[in-house]
Amino acid sequence: MATGSIRSNALGLVLEPSDPRPLYVQIADQLVETIEEGRLKPGDRLPAMRELARDLDCALVTVSQAYELLTARGRATSRVGKGTFISETRDRGEPFARRWEPDLGRLARAERMEGVMEQLTRATAPGAINLANGHPAPETFPLQDFARAFHRTLVEDPPELMQYRGASGDPDLCETLSGLLRGRGCQATAADIIVCSGAQQAADLVATVLLDVRNVVASESPTYSGTLGVFDARGVTYVEVESDGDGIRPDDAERVFAEYRPRLLYVNPIAQNPTGAVLPQRRAKQLVALARRYDVVILEDQTGWQLTYDAAARPPLAAFDTDGRVIVMESLSKSIFPALRIGYLYCKGALADALELAKARTDVFTSTLTQRALWRFMNGPGYARHLRSARALYIERRNAFVEALARHVPWADVRPPAAGLNVWLPLPPRISTQAAFDACARQGVLVMPSEPFYPTRQGPPALRLSFGHLTPEAAAAGVERVGTALSKLIE
Ligand SMILES: Cc1ncc(COP(=O)(O)O)c(C=O)c1O
């Protein structure tokens with residue numbers, strides 16, 4: 001029941017020309033405030049529209065829209081012939097209070113890099129040299145060639161290509177990617193490729209299809225933390241397989257397979273992140289044979305195979321696969337540039353069908369515009385030129401970095417990486433990774449602690465140092481600071 005008509009001036013509504021909100025929204029918002037402050041109570045009748053329009057010097061339609069908005073928000077009710085009244089709804093006028101949180105559970109909170117990213121942010125002082133981030137060198141990004149490729153895509157491709165399309169990827173790009181795999185000994189066809197939005201999505205799709213809470217995942221250790229983060233979120237249990245300077249050890253893989261019967265083995269055979277190891281072909285063959293014997297699926301991360309420095313890349317494990325149990329994933333972030341957000345999966349059979357459905361569920365398909373430009377780039381002369389110059393630049397940086405380590409950290413047992421953008425620096429057992437990180441930060445250099453790279457987050461103290469994005473001068477200065485910091489801990 002109405003308790004009285006309120007005049008607009010009594011409500012103190014003000015229209016502010018500089019306010020970016022439309023006038024009717026300003027009126028509605030101020031009326032909500034008035035309700036929440038208790039100056040308008042349930043049942044009160046709002047001023048007649050004509051009256052309010054006159055007092056506020058605005059059009060009648062503005063007030064009418066404001067009242068409609070208020071009604072749509074459930075704050076007012078209009079009664080034909082009688083006017084608009086403040087609603088009786090319960091809880092009306094109570095400010096929003098956050099009293100409820102969804103039960104996210106253990107898995108959503110487990111964040112492999114969380115503490116590390118915070119530490120890195122805290123340690124980022126002006127002038128700090130970043131050896132932590134593992135990024136490729138922007139000066140290698142073939143942006144002019146891509147500008148042309150995008151332009152041609154927009155003007156030459158028929159509009160139908162920009163329509164909704166199948167989830168597995170642009171057929172021309174899939175053909176190009178499968179051609180590269182055929183050149184490395186795989187029996188790949190375009191139909192076996194699923195183009196993904198980065199390798200991160202590729203790993204997530206594999207986890208969606210294959211992994212459930214408490215499934216056992218065997219993994220080399222240390223290994224790429226981004227993929228481990230995906231597996232963490234599924235609640236898997238890890239069993240680590242030992243590695244040496246040549247990557248994962250098949251004899252230990254056999255022990256793990258026999259003892260734990262894992263569902264999946266994750267391996268990073270070329271440009272191993274973080275160590276830079278390259279798996280010998282004999283080991284690759286042995287691992288595939290073992291996976292067959294113990295019925296394990298292998299996810300091999302071929303990211304960075306284009307950036308081997310001392311010899312051409314060896315065939316993927318998938319080249320030795322005879323029954324479709326090896327899934328290849330690759331990111332083009334390192335070999336071309338990260339902003340593409342392009343990676344892919346190569347696999348066959350029912351697994352491929354399930355992965356394609358998972359891809360369609362996740363984001364329908366990866367940007368055709370980017371895929372078509374990438375296809376043009378990869379089939380033009382710029383691609384080979386780009387890879388040659390990127391490799392030459394990284395070899396120079398790798399050599400300078402390893403030399404700087406020999407000079408400034410002479411006690412370190414460092415293997416020059418045969419591929420990739422990282423060096424793994426094992427620390428003497430009595431130095432904790434945390435102490436090394438802190439000492440380096442005090443010296444003005446950021447380094448990556450080893451724990452996120454261990455599936456179980458525990459392992460010998462070590463640091464990952466990245467050289468790809470730094471000039472040899474900056475990298476040498478960074479390594480010198482690492483040497484100074486660590487020598488203080490060793491003394
Ligand atoms: C071994 C490895 N796999 C996957 C990725 C992730 O690639 P993307 O940028 O496509 O998600 C990286 C990136 O650092 C990597 O080093």
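1. Helix axes are here lines fitted to C-alpha atoms over the stretch in contact, with angles running from 0 to 180 degrees between N-to-C directions. On that basis, in this predicted model, the axes of helix α8 (residues 171–182) and helix α14 (residues 368–378) come within 9 Å and cross at roughly 45°.

2. Angles under 35 degrees count as roughly parallel and those of 65 to 115 as roughly perpendicular, with oblique covering what is left once the roughly antiparallel range, over 145, is also set aside; α8 and α14 are therefore oblique to each other. The handedness of the crossing of α8 and α14 is left-handed.

3. As for the residues that make this contact, α8 contributes D172, L173 and T176, which meet Q371, L374, W375 and M378 of α14. Sorted by class, the residues of the contact between α8 and α14 comprise 4 nonpolar, 2 polar and 1 charged.

4. Turning to the ligand, 14 residues surround it, and the closest of these are G198, A199, Q200, S331 and S333. Among the elements of the structure, helix α9 (residues 198–210) gives the most to the shell around the ligand, with 3 residues. The class composition of that shell is 10 polar, 3 nonpolar and 1 charged residues.

5. On the overall layout, the protein is divided into domain 1 (8–86), domain 2, which is made up of 109–138 together with 383–490, and domain 3 (143–380). Taken over C-alpha atoms, the centres of domain 1 and domain 2 are separated by 61 Å.

Notes
Residues are numbered from 1 along each chain as its sequence is written. This is a predicted model: local features need pLDDT of at least 70, side-chain atom pairs count only at pLDDT 80 or more; totals for chains, interfaces and linings use all residues. Domain bounds come from an automatic or database domain assignment. Helices (H or I, at least four residues) and strands (E, at least two) are DSSP runs, numbered from the N terminus. A crossing is left-handed if the near helix is turned anticlockwise from the far one by less than a right angle, and right-handed if clockwise. Two residues are in contact if their C-beta atoms, placed from the backbone, lie within 7 Å. Ala, Val, Leu, Ile, Met, Phe, Trp, Tyr, Cys and Pro count as nonpolar, Asp, Glu, Lys and Arg as charged, and the others, Gly among them, as polar. A residue is near a molecule or strand if its C-beta atom, placed from the backbone, lies within 6 Å of it.
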